[in-house]
Amino acid sequence: MELEMIVKLTQKLARGFGPWKQMFLDNEAELNKIGGSLIFAGTDKDDDNMLTVILHFDSSESLKAFAGHEELKAKRAEAGALLDTTVVTVMCPDAFTETS
């Protein structure tokens, strides 16, 4: 059985958090369909164009499906995501989101 994964994604935005947030809400079902779900999304307190997203994926295959999903990439770009600034970090397998 393959382990679930938690991934941190950082990227710069051209148009602030609002358009990106709306894009995410409009497309969350597609992320869920490929085995991903949102844990956290927000921008830096002093920089509305510096985005951090924490995502959960059911498997490395789910992460690969997300990374290669051209339609979602295009929608993120349309919402102002500067895709060439994206940094993806896979978190350690012992990471947790709940304590009980």
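Predicted model: local features only at pLDDT ≥ 70, side-chain atom pairs only at ≥ 80, totals over all residues.
Q: What is the average pLDDT of the protein chain, and which elements have the lowest and highest means?
A: pLDDT is the predictor's confidence in each residue, on a scale from 0 to 100. The protein chain averages 95, and 98% of its residues score at least 70. Among the elements of the chain, the lowest mean, 94, belongs to helix α2 (residues 60–67), and the highest, 98, to strand β3 (residues 47–57).

Q: What joins K73 to E70?
A: Side chains of opposite charge can pair when their charged atoms come close. Here K73 forms a salt bridge with E70, with the closest N and O atoms 3.3 Å apart. The term salt bridge stands for a side-chain nitrogen of Lys or Arg within 4 Å of a carboxyl oxygen of Asp or Glu.

Q: Is E70 buried or exposed?
A: A residue is buried under 20% relative accessible area, exposed over 50%, and partly exposed in between (1.4 Å probe, protein chains only). E70 has a relative accessible area of 54%, so E70 is exposed. K73 has 25% and is therefore partly exposed.

Q: How many salt bridges does a search of the whole structure find?
A: The search finds four. One of them pairs K33 with E30, whose closest N and O atoms are 3.4 Å apart. Helix α1 (residues 17–33) holds both, three residues apart, so about one helical turn lies between K33 and E30. K33 is exposed because its relative accessible area is 63%, whereas E30, at 24%, counts as partly exposed.

Q: What do the side chains of K64 and E61 form?
A: The side chains of K64 and E61 meet in a salt bridge, 3.5 Å from N to O. Both sit in helix α2, three residues apart, so about one helical turn separates them. K64 is exposed at 53%, while E61 is partly exposed at 48% relative accessibility.

Q: Which residues form a negative surface patch?
A: The patch is formed by D44, D46, D47 and D48. Patches are made of residues with over 30% relative accessible area and no salt bridge; like charges are joined within 9 Å, and nonpolar side chains (Val, Leu, Ile, Met, Phe, Trp, Tyr) within 5 Å. Asp and Glu count as negative and Lys and Arg as positive, with His and the chain ends not counted. D44 lies in strand β2 (residues 36–44), and its relative accessibility is 37%, so D44 counts as partly exposed.

Q: Where does W20 lie, and is W20 buried or exposed?
A: W20 lies in helix α1. Its relative accessibility is 5%, so W20 counts as buried. W20 and E70 are 50 residues apart in sequence and 16 Å apart in space, C-alpha to C-alpha.

Q: Where does A81 lie?
A: A81 lies in the loop between α3 and β4 (87–90). At 5% relative accessibility, A81 is buried. A81 and R15 are 66 residues apart along the chain, and their C-alpha atoms are separated by 7.9 Å.

Q: In which strand is N49?
A: N49 has its place in strand β3 and counts as partly exposed at 28% relative accessibility. The C-alpha atoms of N49 and I6 are separated by 23 Å, the two residues being 43 apart along the chain.

Technical notes: Residues numbered from 1 in each chain as written. Heavy atoms only, no water. Areas by Shrake-Rupley, 256 points an atom, 1.4 Å probe, with all protein chains shown as cover. Charge placed at Lys NZ, Arg CZ, Asp CG, Glu CD. Helix = DSSP H or I, 4+ residues; strand = E, 2+ residues; numbered from the N terminus.
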